[in-house]
Structure formats: C-alpha cells, structure tokens
Amino acid sequence: MGGWEFTSESVTEGHPDKVADRISDAVLDSCLRQDKNSRVACETLTTTNFVVVSGEITTNAKFDLENLVRNTIKDIGYTDYPGYNYKNVDVLDKRNNQSPDIAQGIKSGEEQGAGDQGMMFGFACNETKELMPYPIMLAHKLTRRMAEVRKKKILPSLLPDGKSQVTVQYLDNYVVGVKSITLASQHIDSIDNETLFEGLYELVIKEVVEKRYLNGLKKEDIIINGTGRFTKGGPDGDTGLTGRKIIVDTYGGYARHGGGAFSGKDPSKVDRSSAYMARYIAKHIVASGLATKCEVNFSYTIGKPNSHIFEINTFNTGIIDDNQLKEVARDVFDVRPGVIIRNLDLLRPIYEQTSAYGHFGRESDNGYYFPWEKINQDIIQGLKERSWVKYSASTSSNFQTS
C-alpha cells in the first residue's frame, strides 16, 4: 500500500463546544440519578458569561439548573476568568417536554423502539492497546496532559481552553512515525510564547509522545499557539454548542460517522446507545483476533426496535469472510435498543465523564465505568468458537469441490 499520513485533533474540556457538551451531559446525569425513565435531549449554547439550556426533557427529577451549570463551569476551571466564570454567568432555561409523538413509540423492555432514525458506526483496530486509531489516541493524551498540568498547577499559566493536532505517518498500514504536533493553549496574559513553548514541550509533549517518534521531529514540526498569543478563549472567545465535536468524540475522522451527536441524549436515542454498541462489537472482534481492523454499521427507524442493517467491514483483515463474520456477530449480539441499554447498563449517571477526551478508548474515568469499552472474555470465546465453525465449514466445502 505504501506510505501515507493521517491527522486527528482533540480539544480540552475548556473548549467552548466541550463546555456545552458537559453541561448537557450534566443535565442528563441529574435526570438519571432520580428518574431512570427520563427522556432527555438537552442542547446547550454558551458564549461570553451566558448559557442557554434548551431541548426536550421529560423527567420526574428535580434539581437547580442554574446551580448545576455554575458548578459545572467551576469544575472545568473557569473560576476567575473575566469574560467567562461560574460566578458571573447568566443562565437561561429554555427546556421543553419531549414530544408525545416520539414518546408513544418508545416503550420499555426488549421491544423498546429507537428514539430516532439514523445510522451509526463503530470501529476498532489494533494500532493501540485501547484498540483505537493511533492519531486520535495521541491527540487525546496530549489534551488530557494539558488539563492535568493546568489543574495541578504544574503549568499555572495555562487556562482551560486548548486543542491538539497530530499528523501520523503510516507505511503499509503500520504507524511508523509522527510528522507534526500542534498545540493551542489558552494562557494568562503575562507569559511569553517562548516560555509557554518550553513548558508545554517539556511537560506535555515529552511526557506523552514516545521517544522513538519524538526523536524524529524537528523543532519546526512542533507548533504551539501558531498566532503567538491565545489569551481570549473558551466561550468568551468563541460560542460553544452541544454536539459540534463529533469527530473528536469518536475516531478522529479515521472511521466513518453517522452524523449524530452523543452529549445530552439519554440512551433511548440510538445516536448514542447504538454507536456505543457498534464500538463494543467492533472492539470484541478485534480483541478476539478475528480481524485487525473492524467497522460495524447499523441503521434504525424511530419507534422500531430492529436495525435495518447489521454490516461488518474488516477491510480485508478478517480471518473469515465478512459475511460469515456478520452471521457470527448476529448470533452473539442483540442490537435492539432496549437490550443494548440493559446489557451495557446505560441508565446510570455516567455521561458527564464522557463529555471530553473521547467516548471511546477509556474503560473508566474518575471512578465511572464505561461498559461499552470493557472486554468480555465469554463473548470473545463465543465469537472464536462460532467463527471456527464457519471457517471449518467453508474450508471443508472448498476442499470437496476442488
């Protein structure tokens, strides 16, 4: 196949769109803590010292929305930044109830209908121990480290907004190097760019990037704050909206995306729950050794429990034919929304923790467990056994007809 390059980006939790995602997921979690039957489709817009929370929400949960928003912003780190901080922000509540036309098609139990129409993709590959593409995992590790050195005051000059971007070199589908790294970090006004560059290089890049790849980079391959300054940031620098970082949330553009955002949606919305299930299936297929790369694809109609399609693509890396593997996966995995919600235990208030640094590639975070990332050895064994039956039947048939 030869050599090629791929770029992915990540953003910190202080990025304006991620502030909006986190507020929406904090609302969802607050609903689920008190009422597991909550129906939530929460959208947030945030700009200079202003937050609008809207969407369709039907729940018996009671909580102080303004206090929730302020505490979320405070936890992100906007404590005394003049253009955006938890003390001064105005909160406008524009929530409505879910449409009864939608509610009538979404029942509980195994025959629960999908909360919306759409298509979902899940992906896994063996480029990293997390079974994720290397570019997006490296980008996430950089932004997480940026947040860590800020919060621990290792680099106290940093402010919450930030981004990373990495370009990775491949040769015959194997990662062979990192071509470039770009970081953008909001900072206090008093620090100069040279000092900031040195701090981020020594305490972020060198701590995250493997030496074998870092040694191949020249100074001009590393860009930090390309314009030279980044003091005005967060929702004060750019309006944030829920669901505007769907590529950062998934596979960094390396795999296809169905278009639906995750944050603020309860698991009856298949944009979220079925995308998690598609990742779960793809990850088990790769973890079982049945393929080194796998994409899983579903599509649903609102109010109906069954996916129209259940497609698997291993990009010619499978040990059996993709159609055979699809039959195996169909035997092992039930992809009706109600069953997905039950099997992945999705009615827990875990979603605020997913709102930054990707929904995939982490089994847990801050004590919250993400079951769509957990490998089940019984499932691995079932996939292997069924695949061996398919493989044996195929080779036996070929032998008899040759």
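Helices (H or I, at least four residues) and strands (E, at least two) are DSSP runs, numbered from the N terminus. This is a predicted model, where local features need pLDDT of at least 70, side-chain atom pairs count only at pLDDT 80 or more, and totals for chains, interfaces and linings use all residues. Residues are numbered from 1 along each chain as its sequence is written, and side-chain values use heavy atoms, with hydrogens and water left out.

**View 1. The whole chain, to get your bearings.** The chain holds twelve helices and 13 strands. Its C-alpha trace spans about 80 × 55 × 30 Å along the principal axes. Of the 402 residues, 54% are buried (under 20% relative accessible area with a 1.4 Å probe, protein chains only; exposed is over 50%, and partly exposed lies in between). Among contacts (heavy atoms within 4.5 Å) with a separation of 6 or more, 72% join residues 24 or more positions apart.

**View 2. Helix H9, residues 270–287.** At 1.5 Å a residue, the 18 residues of H9 should span 26 Å, and the end C-alpha atoms are 24 Å apart, which agrees (the expected span is 1.5 Å times one less than the number of residues). Here 17 of the 18 residues are buried, so H9 is largely enclosed by the rest of the structure. After H9 comes Gly289, with a positive phi near 85 degrees.

View 3. A cavity is a set of points, on a 1 Å grid over the protein atoms alone, where a 1.4 Å probe fits but cannot get out; lining residues have an atom within 4 Å of a point. Grid points are joined across faces, edges and corners, and a volume is the space filled by probe spheres set on the points. Of its 13 lining residues, Phe121, His257, Gly258, Phe262 and Ala275 are the closest to the centre. Strand E5 (118–125) and H9 each give two or more residues to this lining, with the largest share, three residues, coming from E5.

**View 4. The second largest cavity.** This space is about 40 Å³. Its lining includes Thr12, Met146, Arg150, Asp161 and Ser185. Helix H4 (134–151) and strand E6 (158–171) are the elements that give two or more residues, and E6 provides the largest share, five residues.

Terms used:
1 Å grid on protein atoms, 1.4 Å probe; cavity = no way out; pocket = protein on both sides within 12 Å on 5 of 7 lines; lining within 4 Å.
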